[in-house]
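Work through the exercises below with the sequence and the coordinates at hand. Each task is followed by a solution in steps.

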Amino acid sequence: MAKPHRNLTRAYAQDLRLFGSPLAKAGLAAMILVLLMLPMVVQDDFWLSVLIYVGITAVGAIGLNLLTGYCGQISLGHAFFIGAGAYCTAIVGGDLGLPLPLWLLAAAAVGAVLGGLIGPFALRLRGNYLAIVTLGLIFVGEHLWRNLKSVTGGNSGTSVNAAATIGPFDFGKVELAGEVYSRNQGYFWLVWALVALIALLAKNLVRTRPGRALQAVRDRDQAAEVIGVRAGRYKIGAFMVSSAIASVAGALFGSYQQFVSPDEWNLLLSIQYIAIVIVGGLGTIFGSILGAIFVGALPALIDRYSDAIPGVQTSVGGEGFISVFALNQAIFGVLIVLFLVLEPRGLAGIWLRVKTYFKAWPFSY
Amino acid sequence: MNAFLQNCFAGLALGSTYALVALGFVVIYKSTGVINFAQGGLLALGAYLGYTFSNNLAVAFGVAILLACLTAAVVGAGFERIVLRRMVGQPPFAVIMITIGLLFIIEPIVTAIWGFENLQVTNPWNIRTVELGGLVFGVRDLWTIGITAAVVVAFFLFFRYSGFGLAMRATAFDPEAALAQGISAKKVYAVSWAIAAALAALAGVTLAAGPGGLSPSIGFIALAAFPAMILGGMDSPAGAVLGGVVIGLAEALTRGYQDQLFSWAGDNVSIIVPYLLMIVILLIRPYGLLGTRDVRRI
């Protein structure tokens, strides 16, 4: 008897499996290998720091995609939760001096609690309203960060002295087999390991019962209730998980940057995350990472190469008609509009099309 | 007592600006079901256009206001035609995001053309004041309140008595039935965007003529007008005006009594008062003070 083709799905369990065909597994292994080797090949601090920020952004974007892409709740308040995570780390990791796993967990817990407080709003308000309430969250949050001076240091910001240590192992200064690696190399491994872990958790979440429930709520919350999904519970749950992940991203951001100020958690940051999930592809975990690589690296690259881009001001009052900040803002706007109008499924959609083309080759059409 | 009345007057002037912007939100929301986040961008654009007409081209201020409104209206209708029309039938999420994208495109364009400096619009109001019964009224504030009142009246007359106003109400009520009666939905959508943009430009120019002058952050006031719209009810023009005035009064009074009553809440707490009020209202009456409760079907 002939063996069925490897692309043929014969059982439900096969459709839901976490790791796809042998080819996909090989690709995944190759990706892990690349991530492990990359910091040894690329030793330049600038490029490593860009990749670290991309990784942190990818973590946050996975969180937002769970909420917006899978559960269909629009949140402009993502920056608020990221800020909360960073300040939590400043206290738990910095002032109390606890090790890495504890301050990450503490940040996640704080994020989950805050998300649980905001979540109930999503029950009463749908779509349009929720976007505006979460917009209010950004402003209320900014007011809090500026005025809770004992926690956040007010306008002047606060330093985050959270050490990335697990027992004797310090990601800030990795020593392996006699080799000493720099702080940037250590953080690269830490951040991307967490990206992999959180992507795995998120993927596992969305392929199982809660994930299907979230998508049912997204498509039509009342119809979902009729077939027995507790829509309210899942909406609040999605908010909690999403903001917990956002807080973890904030914790990493704070501890890597070692200093945070209230100016960072503004509307533009939220919009950047929204641009990422739209460009990457709504409702795909892989897309969030793709989007983070594509959009998250932009601000740093523009900042670095601003003198090479015509018309960009390199300093305040310098030549050129557009500042680096304004250019970033414009690019986010253009990306959001272009992708929504031309490719609503984002980069992940493009990737899927290319993949299907080659899967069915030479009979693709 | 005088201080209280003075604060109330400041609140009324601020509330008039909110009301103009919120009216623009309501016009677009009612006819197309879209919340237009780009309103702040259109407001800034209108204000800067007003500056160009008034300062660089040296036309009379009244004419400059009209020209700014007209230009903004063309830009607004252009957005609708070029971008938003492609999104008809898409989920609200996508459309909201598009307008946010537009907002983030307009802002840098405005700063690229006019720069970041604080500009002063040549205008006849300036910082002149009128004193009456111990109270000091800013001429600009009086004009803003007057213009808003006039616009609101014109607005209601337009929707109540003109043919096109009726067409717009019909489209808002039931687009398909309106189409079947021979009303062009495309025209209605384009006109609502034009009206909203003109209202935003009007709010922008009157605001820029005030003591604060004109800076790129002027568009932020549109974000604070969201609470005004929500407070009144998203589909109610009367609600938008009411909401604008309430939010304006609340903000001005908080600012006026910051030192006596609200020092515990931190500096500049008045900035977030609109949002806090909105959250409270949404929990009590999610559809706003004058809005209609929405019926959901499966």
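**Exercise 1: Burial and fold of chain A**

In chain A, 48% of the 365 residues count as buried. The model is a predicted one.

Task: Determine whether the radius of gyration of chain A agrees with that of a compact globule.

Solution.
1. For 365 residues, the radius of gyration of a compact globule would be near 21 Å.
2. Chain A has 21 Å, so the value agrees with the globule rule.
3. Along the principal axes, the C-alpha atoms of chain A fill a box of roughly 70 × 55 × 50 Å.
4. The secondary structure within chain A consists of 16 helices and six strands.
5. Take the contacts of chain A between residues at least 6 apart in sequence: 75% of them join residues at least 24 apart.

**Exercise 2: Chain B**

Task: Carry out the analysis for chain B, and give the order of its elements.

Solution.
1. A compact globule of 298 residues would have a radius of gyration near 19 Å; chain B has 19 Å, and therefore agrees.
2. The box filled by its C-alpha atoms is roughly 60 × 50 × 35 Å along the principal axes.
3. Chain B holds twelve helices and two strands. Read from the N terminus, the order is α-α-α-α-β-β-α-α-α-α-α-α-α-α.
4. Of the 298 residues of chain B, 51% are buried.
5. Among contacts between residues at least 6 apart in the sequence of chain B, 75% link residues at least 24 apart.

**Exercise 3: A helix pair in chain A**

Task: Classify the packing of α4(A) against α12(A) by angle and handedness.

Solution.
1. Two packed helices are described by the angle between their axes and the distance between the axes.
2. Helix α4 (residues 78-95) of chain A packs against α12(A) at about 110°, and the axes are 7 Å apart.
3. Angles of 65 to 115 degrees count as roughly perpendicular, so α4(A) and α12(A) are roughly perpendicular to each other.
4. Their crossing is right-handed.
5. On the α4(A) side the contact involves His78(A), Ala79(A) and Ile82(A); on the α12(A) side, Leu269(A), Ser270(A) and Tyr273(A). By class, this contact of α4(A) with α12(A) has four nonpolar, two polar and no charged residues.

**Exercise 4: The side of chain A that touches chain B**

Task: How many residues of each chain are in contact, and which helices of chain A each supply at least two residues?

Solution.
1. Contacts between the chains involve 36 residues of chain A and 35 residues of chain B.
2. On the side of chain A that touches chain B, at least two residues each come from α6 (128-147), α10 (221-226), α12 (267-280) and α15 (324-342).
3. The residues of this side of chain A comprise 26 nonpolar, eight polar and two charged.

Methods
Residues are numbered from 1 along each chain as its sequence is written. Chains are lettered from A and ligands numbered from 1 in the order in which they are written. This is a predicted model: local features need pLDDT of at least 70, side-chain atom pairs count only at pLDDT 80 or more; totals for chains, interfaces and linings use all residues. Helices (H or I, at least four residues) and strands (E, at least two) are DSSP runs, numbered from the N terminus. The radius of gyration is taken over C-alpha atoms; the globule rule is 2.2 Å times the number of residues to the power 0.38. A residue is buried if 20 or more other C-beta atoms lie within 10 Å of its own, exposed if 12 or fewer, and partly exposed in between; C-beta atoms are placed from the backbone. Two residues are in contact if their C-beta atoms, placed from the backbone, lie within 7 Å. Ala, Val, Leu, Ile, Met, Phe, Trp, Tyr, Cys and Pro count as nonpolar, Asp, Glu, Lys and Arg as charged, and the others, Gly among them, as polar. Axes are lines fitted to C-alpha atoms, for helices over the stretch in contact, and angles run from 0 to 180 degrees between N-to-C directions. Angles under 35 degrees count as roughly parallel, over 145 as roughly antiparallel, 65 to 115 as roughly perpendicular and the rest as oblique. A crossing is left-handed if the near helix is turned anticlockwise from the far one by less than a right angle, and right-handed if clockwise.
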